[in-house]
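Me: I have a structure to read, and I would like to learn how to go about it feature by feature. Could we begin with the way side chains pack, and then turn to the strands and helices?

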Amino acid sequence: MPSIRQNERSEVIEVISEINQIVGRINIRIKRAGGENTLQARGGTLFPDIILFADTARTRILHGWEAKMPDVSITDAELIANAMTKAETLGVDSFVLWNFTAARLYTKNTNSRFKVV
């Protein structure tokens, strides 16, 4: 049998599947999760890892997550800047950085700047 290793994308797919199973059973604001949607932003194309939606048609975006493997710190400046750009482009007021071992929630403060909660 070939050696199969998990990677960032395979783990994110598992999380999206789990979220969709959970939100399918309970009534909360999140109605669907998706990922790897193409997002046009200044300077190029971005691919948010996980997006949480307020509707099953995936038209009302609530929140975004950026996921990296554990060898990338959630305090990595490039990761944070990239996630902020994605959040701004998506028009959301919060996002999560997650490296499969730790997570950080960022929300906009009163000055419309993202800060760790």
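Reply: A nonpolar core is a set of buried Ala, Val, Leu, Ile, Met, Phe, Trp, Tyr and Cys residues joined through side-chain atoms within 4.5 Å, where buried means under 20% relative accessible area with a 1.4 Å probe, protein chains only. This is a predicted model, in which local features need pLDDT of at least 70 and side-chain atom pairs count only at pLDDT 80 or more, while totals for chains, interfaces and linings use all residues. Residues are numbered from 1 along each chain as its sequence is written, and side-chain values use heavy atoms, with hydrogens and water left out.

Me: Which residues touch the most other members of the largest nonpolar core?

Reply: In soluble globular proteins, nonpolar side chains tend to be buried together. Here the largest core has 16 residues, and those touching the most other members are A87, L90, F95, L97, Y106 and F114. Helices (H or I, at least four residues) and strands (E, at least two) are DSSP runs numbered from the N terminus; α2 gives the most to this core, with five residues. A second, separate core of 12 residues includes V15, I16, A33 and A67.

Me: What is the order of the strands in the open sheet?

Reply: Two strands pair if DSSP finds at least two bridges between them. The six strands follow the order β1-β4-β5-β6-β7-β8, with mixed pairing. Because β1 (32-34) and β8 (114-116) each have a single partner strand, they stand at the edges, and one side of each is left without a neighbour in the sheet. Within the sheet, β5 (residues 61-67) and β6 run parallel and are joined by four bridges, and W65 stands opposite V96 in β6.

Note on methods: Buried < 20%, exposed > 50% of the residue type's maximum accessible area, 1.4 Å probe, protein only.
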